[in-house]
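Subject: Structure handover

Hi,

Here is the structure I promised to pass on.

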Amino acid sequence: MKAYYLFILLFFFQDNFTEFLGLFPKAKMDENGSLLTRALNSKDNSDLLKQYETIPDAHSFSYLCDGDSSKFQYEYGLYDMDKGEEVGIVKESYKHAAIASISARNFDMVLFSKFDSDNERYYIRSFDKKGTRIAELMINEEVRVGTGASLVRFSFSLINENRINVFTYCDVKNPNREEEKTLRTKVVVEDYSIDSLGRFTKVAMDSVFLVKPKGAYANFDSEPEVDDPIYKYWTLW
């Protein structure tokens, strides 16, 4: 009898995972079998909710938040400009957008958004074919200060079936004394392998300095700048 109930439970869980996976459109890879996530940084939350499926709370809680309420909600303060002080705390549930899915022989990967009041982030998460979580990695991020007018740093990724490259951009001071008041961009490139079981392992990290400030590389609706290090990886795959 216990075996029977276990079978029913596993069948129900598998059926739910199939439903969850069906929310995600298949990733549109380029001719080299890669997916560049850079354009996602041009979208705000309202754009995402119009273009992509919003993942139901029950699926988000189970498959993206691991049944942990602390991962399912975020908090932000209410600020009274006249009083010049915080007057309350608001709790909100994340509204995850189902961006894309990538299927491999032994596992599936999904890309989803995770926006809160301060940060705009995207993650990739891998599951075995039964719906058990394997690994998770942040692939895109925009961090802003205050009202969102100032972009502190941003990142995006290049993904294929067995590798993820994450590119993170931030401003640094120019070491040239004659131009010490100007900024240039530091790009950190992290290289992750994806093994046959869907696990993500960092295998390398490098950095490069670019002559222009990071704002020059943040035009996400257009092609990357000619000196953007993405071309070193994007053209090789």
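Below are my notes on the nonpolar cores and the salt bridges.

Before you dig in: this is a predicted model, where local features need pLDDT of at least 70 and side-chain atom pairs count only at pLDDT 80 or more, while totals for chains, interfaces and linings use all residues. Residues are numbered from 1 along each chain as its sequence is written, and side-chain values use heavy atoms, with hydrogens and water left out.

Cores to start with. By nonpolar core I mean a set of buried Ala, Val, Leu, Ile, Met, Phe, Trp, Tyr and Cys residues joined through side-chain atoms within 4.5 Å. Buried is under 20% relative accessible area, exposed is over 50%, and partly exposed is in between (1.4 Å probe, protein chains only). The largest core has 25 residues, and Ile99, Leu111, Ile124, Ile164 and Phe200 have the most contacts inside it. At least two residues of this core come from each of β5 (97-103), β6 (107-115), β7 (119-128), β8 (133-145), β10 (163-173) and β11 (183-194). Strands here are DSSP E runs of at least two residues, and helices are H or I runs of at least four, numbered from the N terminus.

Take Ile164 as an example: leaving aside neighbours within four places in sequence, its contacts include Ile124, Leu137, Ile139, Tyr192 and Phe200. Contact means heavy atoms within 4.5 Å.

Now the charges. A salt bridge is a side-chain nitrogen of Lys or Arg within 4 Å of a carboxyl oxygen of Asp or Glu, and by that rule there are 13. In one of them, Asp108 pairs with Lys129, with the closest N and O atoms 3.1 Å apart. Asp108 is in strand β6 and Lys129 in the loop between β7 and β8, so this pair ties together parts 21 residues apart in sequence. Asp108 is buried at 4% relative accessible area, whereas Lys129 is partly exposed at 36%.

Glu141 bridges to Arg121, with the closest N and O atoms 2.9 Å apart. Glu141 sits in strand β8 and Arg121 in strand β7, so parts 20 residues apart in sequence are tied together. Glu141 is buried at 5%, and Arg121 is partly exposed at 24%.

Also have a look at Arg199 and Asp195, whose closest N and O atoms are 2.6 Å apart. Finally, Asp66, Arg125, Arg133 and Glu136 are linked in a salt-bridge network.

Cheers
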